[in-house]
Amino acid sequence: MAKEQGSKLIAQNRKARHDYAIEDTFEAGLVLQGTEVKSLRQGRASLVDGFVDIDRGEAWLHGVHIPEYSQGTWTNHAARRKRKLLLNRVEIDKIERRVNEKGLTVVPLALYFKDGRAKIEIGLAKGKKSWDKRQSIAERTANREKEQALGRHLKGMRD
């Protein structure tokens with residue numbers, strides 16, 4: 001059987017990028033049960049309520065919803081169980097130190113398969129205030145209008 005190559009996106013947490021200012025990102029492996037992998041291969045998962053907790057030197061993913069596998073039997077998994085993240089000791093210590101010092105939180109950003117293995121991208125994030133959100137929307141709109149004006153100018157159109 002040929003080994004999988006490349007990466008396949010399963011789920012993305014767009015709301016996290018809107019609600020938080022992401023300061024740093026890490027890629028972690030996941031400890032999964034067989035039916036969880038099969039459910040992920042069907043492209044079913046939700047990262048919306050997820051967060052990462054460091055407990056006794058181990059990183060745990062809470063609140064991520066991976067629905068039960070439809071052809072699973074009594075060996076099916078619980079949809080919202082906590083899952084262990086596979087990170088290096090240095091990475092775990094760095095995350096724990098920054099969460100304790102600066103009051104950051106760790107949120108899942110994307111869930112994907114990379115070369116046949118389930119990976120999750122987590123980010124050290126700081127919560128945005130409502131004015132921060134409005135400011136980033138205004139910047140995005142201004143950049144879009146600037147690009148459109150430049151495009152019209154290059155095509156020789158008038159404003």
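Salt bridges and a buried asparagine

Mentor: The count comes to eight salt bridges, a salt bridge being a side-chain nitrogen of Lys or Arg within 4 Å of a carboxyl oxygen of Asp or Glu. This is a predicted model in which local features need pLDDT of at least 70 and side-chain atom pairs count only at pLDDT 80 or more, while totals for chains, interfaces and linings use all residues. Residues are numbered from 1 along each chain as its sequence is written, and side-chain values use heavy atoms, with hydrogens and water left out.

Trainee: Why is the pair Lys94 and Asp24 called a salt bridge?

Mentor: The closest N and O atoms of Lys94 and Asp24 are 3.6 Å apart; the limit is 4 Å, so the pair qualifies.

Trainee: What does the pair tie together?

Mentor: Lys94 lies in helix H3 (residues 89-102) and Asp24 in strand S2 (residues 20-30), so parts 70 residues apart in sequence are tied together. Helices (H or I, at least four residues) and strands (E, at least two) are DSSP runs, numbered from the N terminus.

Trainee: Why does Lys94 count as partly exposed?

Mentor: Its relative accessibility is 31%. Buried means under 20% relative accessible area and exposed over 50%, with partly exposed in between (1.4 Å probe, protein chains only), so this value falls in the middle class.

Trainee: How do you know that Glu27 and Lys114 meet in a salt bridge?

Mentor: The N to O distance between the side chains of Glu27 and Lys114 is 3.5 Å. Glu27 lies in strand S2 and Lys114 in strand S6 (residues 105-114), so this pair ties together parts that are 87 residues apart in sequence. Glu27, at 33%, is partly exposed, and Lys114, at 37%, is partly exposed too.

Trainee: Is the pair Arg83 and Glu36 buried or exposed?

Mentor: Both Arg83 and Glu36 are buried. Their side chains meet in a salt bridge at 2.8 Å, N to O. Arg83 is in strand S5 (residues 83-86) and Glu36 in helix H2 (residues 34-41), 47 residues apart.

Trainee: What makes Asn13 buried?

Mentor: Asn13 has a relative accessible area of 6%, and the limit for buried is under 20%, so the word applies. Asn13 sits in the loop between strand S1 (7-12) and helix H1 (14-19).

Trainee: Which backbone oxygen does the side chain of Asn13 reach at 3.3 Å?

Mentor: That of Leu47. The backbone oxygen of Pro108 lies 3.1 Å from a polar atom of the Asn13 side chain.

Note on methods: Polar contact = N/O pair within 3.5 Å; in protein donor to acceptor, adjacent residues only side chain to side chain.
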